[in-house]
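Below are some notes on the chain and its ligand, for use alongside the coordinates. Comments are kept to what can be computed from the atoms.

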Amino acid sequence: MNDIIISPSILSADFANLEMELKALKQAGAKWVHIDVMDGHFVPNITIGVPVVNSLRKVTDLVLDTHLMIDNPEKYVEAFAKAGSDIITFHFEAVRNISHAVEVISLIKSFGVKAGVSIKPKTAPEEILPLLDKVDLLLVMTVEPGFGGQEFMHDCAMKIPVIKDNAPEGLIIQVDGGVNNLTSKICTSLGANSLVAGSYIFKNDYKKAIESLY
Ligand code: DX5
Ligand code: ZN
């Protein structure tokens, strides 16, 4: 049960009380926290930036799992790494091709940070197979990125076995979007070992909600 990593998304948290929210998540058993960075360009929404990550780093030892939903991720890797991210995940759709993705992955790793790549619902898993042995984490979006509280897209979950079958030992296969106590089981039975959940956790008792995802 505990080899599944739950990463609560603070997109659904109370932004006026993030320190308190992180403490509550930790007390509820979370080890990671998922930070959704949006630029109003790659996705139609604007959320968290570097200064917030920097402030969160000062008040928590939770693993900061930073999900960049931004164009030109290479321009911001250094800032998010120096702000204290432990993992930086960027979108394959925000880079030109595999070799560009490899450059961004190397850049992330050059700061001693774990590197992740994410794919949107319309991107086939076959497109990113050459990256699986180069990243620490592969994030499968099960909603169109941009907003919390959307419905889980079941057909996206069918990408998980394709990734799992080609993944090297130790790859973290993460799912993000519409994860709740029911859809979490679909994802883990298909091979996911990390679940991001935002609205489901923050709308419920944090501890009970986290426990119900396993
Ligand atoms: C969506 C974000 C998600 C979001 C998930 O673009 O990447 O991390 O917070 O929210 P829920 O769990 O409510 O679908
Ligand atoms: Zn996310």
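1. A convention first: Ala, Val, Leu, Ile, Met, Phe, Trp, Tyr, Cys and Pro count as nonpolar, Asp, Glu, Lys and Arg as charged, and the others, Gly among them, as polar. On that basis the shell around ligand 1 holds eight nonpolar, 10 polar and two charged residues.

2. This is a predicted model, and every value in this note is to be read as such. The chain is made of nine helices and eight strands. Its radius of gyration is 16 Å, close to the 17 Å that the globule rule gives for 214 residues, so the chain is as compact as a globular protein of that length. The C-alpha trace spans about 40 × 35 × 30 Å along its principal axes.

3. Where does ligand 1 sit? The space taken by ligand 1 is the largest pocket. Elements giving two or more residues to the shell around ligand 1 are β2 (32-38), β3 (63-69) and β8 (194-197). The largest share comes from β2, with three residues.

4. Which residues come nearest to ligand 1? Of the 20 residues around the ligand, these are S9, D36, G146, D176 and S199.

5. In the side chain of S9, an N or O atom is 2.8 Å from a ligand oxygen. For H34, a polar side-chain atom lies 3.4 Å from an oxygen atom of ligand 1. G146 takes part through its backbone, with a polar atom 2.7 Å from a ligand oxygen. Of the 380 Å² of accessible area that ligand 1 has on its own, the protein covers 99%.

Note on methods
Residues are numbered from 1 along each chain as its sequence is written. Chains are lettered from A and ligands numbered from 1 in the order in which they are written. This is a predicted model: local features need pLDDT of at least 70, side-chain atom pairs count only at pLDDT 80 or more; totals for chains, interfaces and linings use all residues. Side-chain values use heavy atoms; hydrogens and water are left out. A residue is near a molecule or strand if one of its heavy atoms lies within 4 Å of it. A polar contact is a pair of N or O atoms within 3.5 Å; within protein, one must be able to donate a hydrogen and the other to accept it, and residues adjacent in sequence count only if both atoms are side-chain atoms. Accessible areas come from the Shrake-Rupley method with a 1.4 Å probe; for residues, only the protein chains shown count as cover. On a 1 Å grid over the protein atoms alone, a cavity is a set of points where a 1.4 Å probe fits but cannot get out, and a pocket is an open set with protein on both sides within 12 Å along at least five of seven lines; lining residues have an atom within 4 Å of a point. A molecule sits in a cavity or pocket if more than half of its atoms lie within 2 Å of its grid points. Helices (H or I, at least four residues) and strands (E, at least two) are DSSP runs, numbered from the N terminus. The radius of gyration is taken over C-alpha atoms; the globule rule is 2.2 Å times the number of residues to the power 0.38.
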